[in-house]
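Biologist: I am new to this structure. Please take me through the surroundings of the ligand, then through anything else worth a look.

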Amino acid sequence: MNKQYVHGYDPRENIRLQDQASTLVELLHSDTSYPPESQILEAGCGVGSQTVALAHNSPLAQITSVDISESSIAEAKKRIEAAGCTNVDFQSGDIFNLAFAPQSFDHIFVCFVLEHLAQPIAALKCLNNFLKVGGTITIIEGDHGSTYFYPDSEAAHKTIQCQVELQKRAGGNANIGRELYPLLHAVGFGTIQVSPRMVYVDSSKPQLVEGFIKNTFTAMIEGVRESSIEAGLIDEETFDNGIQGLYRTTETDGVFCYTFFKAVAMKK
Ligand SMILES: C[S@@+](CC[C@H](N)C(=O)[O-])C[C@H]1O[C@@H](n2cnc3c(N)ncnc32)[C@H](O)[C@@H]1O
């Protein structure tokens with residue numbers, strides 16, 4: 001797994017993305033719906049975890065979802081069929097080399113993709129070409145630097161930092177959420193609005209304890225155990241203590257906070 005995990009391709013990562021999507025659908029999607037007959041491009045749809053929410057919230061819009069991974073597209077198709085949605089077409093393709101005509105989409109949606117790209121500005125420029133003037137781009141990304149919890153644990157911060165470092169070495173940026181405004185500004189988008197979306201979890205919210213702390217965040221960090229140790233970023237004991245520290249936050253007195261960033265900007 002290792003690098004594959006960091007890129008979001010392996011089966012366990014796909015299950016994690018699904019857990020994340022179903023846990024966070026209200027927080028991340030409640031204010032995204034597109035008008036009837038509008039043409040929407042979802043770039044980097046993966047296994048379709050967000051596609052289902054997009055299609056449900058905009059049932060009369062026509063969504064084209066693309067991903068560089070053919071196997072993810074195949075999975076996404078199954079998922080959208082199972083959800084009974086009929087307004088999504090899937091295509092495999094690279095964001096940097098898509099075959100759409102300029103200005104062929106009214107709106108673009110991108111979730112948890114820029115964090116994996118070495119050249120997020122170049123990717124945004126490519127996507128901007130496909131957007132009509134006055135159309136919007138919506139981007140959602142996490143930011144691991146926004147993680148804090150009770151009880152605090154130095155080892156847990158070290159394990160999180162392993163994931164950040166591995167993602168950096170793979171060309172990505174796990175702290176990209178805070179950069180959405182500057183990235184969109186650099187590409188020349190107008191009316192950029194960024195809203196931080198905090199997931200606050202304590203034991204009065206057992207679904208979030210399971211769905212977010214355990215199955216989303218801690219699962220992601222646990223997934224980089226071997227690669228972090230192999231890369232010499234951390235020793236086994238510290239890593240395992242860090243994971244214990246994250247699980248400790250799921251107990252009755254524990255608290256966990258993480259902030260996603262959602263940006264909506266318009267093509268001038
Ligand atoms: C972490 S997944 C996110 C998937 C989905 N958006 C979600 O939120 O569940 C990142 C996705 O970006 C895709 N991806 C990475 N680089 C890409 C590129 N250059 N062109 C298209 N898709 C790309 C990967 O294949 C992967 O499916």
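Modeller: Start with the shell around the ligand. Its residues divide into ten nonpolar, seven polar and two charged. Bear in mind that this is a predicted model. In total, 19 residues surround the ligand. The closest are Gly44, Asp67, Asp94, Ile95 and Cys111.

For Ile68, the separation between a polar backbone atom and a nitrogen atom of the ligand is 3.3 Å. How much of the ligand does the protein bury? Taken alone, the ligand exposes 600 Å², and the protein buries 96% of that.

Next, turn to a pair of helices. Two packed helices are described by the angle between their axes and the distance between the axes. Helix α5 covers residues 120-129, and helix α7 covers residues 180-187. Their axes come within 9 Å and cross at roughly 55°.

Two spots in the backbone remain. Is the bond from Tyr150 to Pro151 cis or trans? It is cis, with omega near -5°. Pro151 belongs to the loop that links β6 (148-150) and α6 (154-169).

The other spot is Glu37. Its phi is near 70°, which is a positive value in a residue other than glycine. Glu37 is also in a loop, the one between α2 (11-29) and β1 (39-43).

Note on methods. Residues are numbered from 1 along each chain as its sequence is written. This is a predicted model: local features need pLDDT of at least 70, side-chain atom pairs count only at pLDDT 80 or more; totals for chains, interfaces and linings use all residues. Side-chain values use heavy atoms; hydrogens and water are left out. A residue is near a molecule or strand if one of its heavy atoms lies within 4 Å of it. A polar contact is a pair of N or O atoms within 3.5 Å; within protein, one must be able to donate a hydrogen and the other to accept it, and residues adjacent in sequence count only if both atoms are side-chain atoms. Accessible areas come from the Shrake-Rupley method with a 1.4 Å probe; for residues, only the protein chains shown count as cover. Ala, Val, Leu, Ile, Met, Phe, Trp, Tyr, Cys and Pro count as nonpolar, Asp, Glu, Lys and Arg as charged, and the others, Gly among them, as polar. Axes are lines fitted to C-alpha atoms, for helices over the stretch in contact, and angles run from 0 to 180 degrees between N-to-C directions. Helices (H or I, at least four residues) and strands (E, at least two) are DSSP runs, numbered from the N terminus.
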